[in-house]
Amino acid sequence: MNNGTKPKRLWLRWTIALVLLLLLAGAAAWTFLRVGRWLVVEDPLEPARAIVVLSGRMPERAIEAAAIYSQGYAPEVWVERPVGPGPELARMGIDYVGEEFYNQKVLIQLGVPATAIRVLDRPVLNTQDEVEQMARVLQQQDAGRVIVVTSKPHTRRVRAIWRRLVGGYPQLIVRYAREDPYDGAHWWRHTQDGLDVLREVLGLANTWAGFPLQHAAR
């Protein structure tokens, strides 16, 4: 009788292990297929102190900021100034025009008055720097809301960083650039989309963990 019980128990254990393995494989496949769309979030537009163009993915973000400005949701468009190779090139006698210069040109070309554009003073290394600078300027102006324009897969991380560093006030409205070609439903088909998903998932993990990984100043 004992000889018959052991094979039954072994069969039951293997069955349970197989079911668990299938469940894990199914969960992994579901996550793989949906993570690209999960990264994309957006808030309803409301009147705000400013529309902010985050650095990167030029000119898509500036184009979207100009479209929002044209709808009258904010009196100004702020442009972030990313850290660039200006000092190194200057030592070589080469003039460097930063990304913020071209973002301003795009905004003006699309109807935003030059007087309504403000380039934020401090050069930024990453999204964390950008959020901290925006929050500081808003608090100095006693302003309660800002519209931030970024790329589609970057929206969830921007929201997570804002909640981590700023909280609920000033209020963030995050919007993505309509011109962004990112395909969240099929992100694994394109190298750029795949890199975006990997970077954003790792960035979210770093945010949720309290920013243990930091960019080194160069």
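The legends below describe close-up views of a predicted model. In this predicted model, local features need pLDDT of at least 70 and side-chain atom pairs count only at pLDDT 80 or more, while totals for chains, interfaces and linings use all residues. Residues are numbered from 1 along each chain as its sequence is written, and side-chain values use heavy atoms, with hydrogens and water left out.

**View 1. Helices H2 and H4 cross at roughly 35°.** Helices (H or I, at least four residues) and strands (E, at least two) are DSSP runs, numbered from the N terminus. Helix H2 covers residues 60–70 and helix H4 residues 99–109, and their axes come within 9 Å. Axes are lines fitted to C-alpha atoms, for helices over the stretch in contact, and angles run from 0 to 180 degrees between N-to-C directions. The crossing is right-handed, meaning that the near helix is turned clockwise from the far one by less than a right angle. Ala62, Ile63, Ala65 and Ala66 of H2 and Asn103, Val106 and Leu107 of H4 make the contact, where contact means heavy atoms within 4.5 Å. Sorted by class, these are six nonpolar residues, one polar and no charged. Ala, Val, Leu, Ile, Met, Phe, Trp, Tyr, Cys and Pro count as nonpolar, Asp, Glu, Lys and Arg as charged, and the others, Gly among them, as polar.

**View 2. Helix H5 runs from residue 127 to residue 140.** From first C-alpha to last, the 14 residues of H5 reach 20 Å, close to the expected 20 Å; the expected span is 1.5 Å times one less than the number of residues. At the start of H5, a side-chain oxygen of Asn126 comes to within 3.2 Å of the backbone nitrogen of Gln128. After H5 comes Asp142, with a positive phi near 55°. Strands E1 (50–53), E2 (77–82), E3 (117–124) and E4 (145–150) and helix H6 (155–165) are among the elements that cover the buried residues of H5.

**View 3. Met134 lies in helix H5.** Met134 has a relative accessible area of 1% and therefore counts as buried (buried is under 20% relative accessible area, exposed over 50%, partly exposed in between, with a 1.4 Å probe and protein chains only). Not counting residues up to four places away in sequence, Met134 touches Val52, Leu54, Glu80, Leu120, Val148 and Trp162.

**View 4. Arg157 of helix H6 has a polar contact with Glu200.** The two side chains meet at 2.7 Å. A polar contact is a pair of N or O atoms within 3.5 Å; within protein, one must be able to donate a hydrogen and the other to accept it, and residues adjacent in sequence count only if both atoms are side-chain atoms. Arg157 is buried, at 14% relative accessible area. Beyond its neighbours within four places in sequence, Arg157 is in contact with Thr127, Arg199, Glu200, Gly203, Leu204 and Thr207. The cover over the buried residues of H6 includes H5, E4, strand E5 (171–176) and helix H7 (191–208).

**View 5. Cis peptide bonds join Met58 to Pro59 and Tyr169 to Pro170.** Omega is about 5° for the bond between Met58 and Pro59 and near -5° for the bond from Tyr169 to Pro170. Pro59 sits in the loop between E1 and H2, and Pro170 in the loop between H6 and E5. Arg57 is also found in the loop between E1 and H2, and its phi is positive, near 50°.
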